[in-house]
Amino acid sequence: MLNDRARILLKTLVERHIADGEPVGSRTLSKHAGLDLSPASIRNIMADLEERGFVSSPHTSAGRVPTPLGYRFFVDTLLMVRPLEQIEVSQLENSLTSSDPQRLMTAASTLLSDLSRFAGLVMTPRRNPAFRQIEFLSLSGKRILLIIVTMEGEVENRVILTEQPVSASALTEAANYFNQHFAGHSFDQVRAKLRDELGRMRDDITHLMSAAVDAGSQTAGQENVVVSGSRKLLDVEELSSNMGSLRRLFDAFEQKTGLLQLLDQSRNAAGVQIFIGGESDLLPFDECSLVSAPYSVDGQVVGTLGVVGPTRMAYARMVPIVDITAKLLSNALSYH
């Protein structure tokens, strides 16, 4: 562990670097750290911090910058969080008032981006796979449109392929059977219940029902990530100067699989978590960090949200932004 003087100097260095974006020299540390130390003593402590991997020296400067390890130590042990101004809390509260869950999550993502000036993310909840009603519509030949009405009233469409063309009367018969026997169930539950029934049905109905259950199961249980403000990262110098890495980050936003894995790690967290670039294969480069927190509906965690930005971000400000947004989104979703 670091002694008190080293901790104070590292905290000062990280805070000055976050504020100014420049390597921090001994003179600046002497001025801002509030320690009665000679320049030589400061240089010795900084050399020790560098040797232990907390800071590094850019080739072009006598000053030092934090490493990912330095940032990690800072956010875990030295970070002093500043509460948001009441006007900002009010802005958040007033923006999360929709009665539509999807609009609430989109609004939360946009707010996170606007307040942070980076990219805002909201992982949407796993969808409830239970359906209220289904319908089949013949498109052409062996292509059937499966129309699923969820318990929340949302409509989802899937195209399924059958081995043989299916008559209109068979489509109606199958839909009626589904709706009469299985409405309110998940497709996985239907699969288990249907197994015994299929042996007593005609082949065309059997194939159609099996295909519908497969398509319905694929629709259910999917998660998504709402990403807002990713273009703001183009204005961040330490990100835009590395276009190859920035392109990988935008690919992650596009494909979303890695983001889902990363956000899913926050699902069981007690509060805000910070992922520093370089610590995780899911963040594409060292200069990138994620601040995230879980949100809930009626006390049950259903997803996570967060901010992706440069490692040199104002964590003291980002943590309360993410924390309060998660709590307000939880309240808004539970209320509705």
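Helices are DSSP runs of H or I with at least four residues, strands are DSSP runs of E with at least two, and both are numbered from the N terminus.

## Basis of the model

The structure is a predicted model, in which local features need pLDDT of at least 70, side-chain atom pairs count only at pLDDT 80 or more, and totals for chains, interfaces and linings use all residues. Residues are numbered from 1 along each chain as its sequence is written, and side-chain values use heavy atoms, with hydrogens and water left out.

## Aromatic pairs

Helix 11 spans residues 243–255 and contains both Phe250 and Phe253, which are three residues apart, or about one turn of the helix. The structure holds seven aromatic pairs. Rings of Phe, Tyr and Trp (its six-membered ring) pair if their centres lie within 6.5 Å; planes under 30 degrees apart count as stacked, over 60 as edge-to-face and the rest as tilted. The pair of Phe178 and Phe182 is edge-to-face, because the ring centres are 5.9 Å apart and the planes are at 70°. Phe250 and Phe253 also form an edge-to-face pair, with 5.9 Å centre to centre and 85° between the planes.

Phe178 and Phe182 lie in helix 7 (residues 168–182); they are four residues apart, so about one helical turn separates them. Both of these residues, Phe178 and Phe182, are buried. Here buried means under 20% relative accessible area, exposed over 50%, and partly exposed in between (1.4 Å probe, protein chains only). Phe253 is buried at 5% relative accessibility, whereas Phe250 is partly exposed at 22%. Ring pairs also join Phe131, Phe136, Tyr177, Phe178 and Phe182 into a cluster.

## Surroundings of Arg64

Arg64 is located in the loop between strand 1 (55–56) and strand 2 (65–66). Its relative accessible area is 14%, so Arg64 counts as buried. The side chain of Arg64 makes a polar contact with the side chain of Glu50 at 2.8 Å. A polar contact is a pair of N or O atoms within 3.5 Å; within protein, one must be able to donate a hydrogen and the other to accept it, and residues adjacent in sequence count only if both atoms are side-chain atoms.

Contact means heavy atoms within 4.5 Å. Apart from its neighbours within four places in sequence, Arg64 is in contact with residues including Leu13, Pro23, Val24, Met46 and Ala47.

## Strand residue Leu137

Leu137 belongs to strand 4. With a relative accessible area of 45%, Leu137 is partly exposed.
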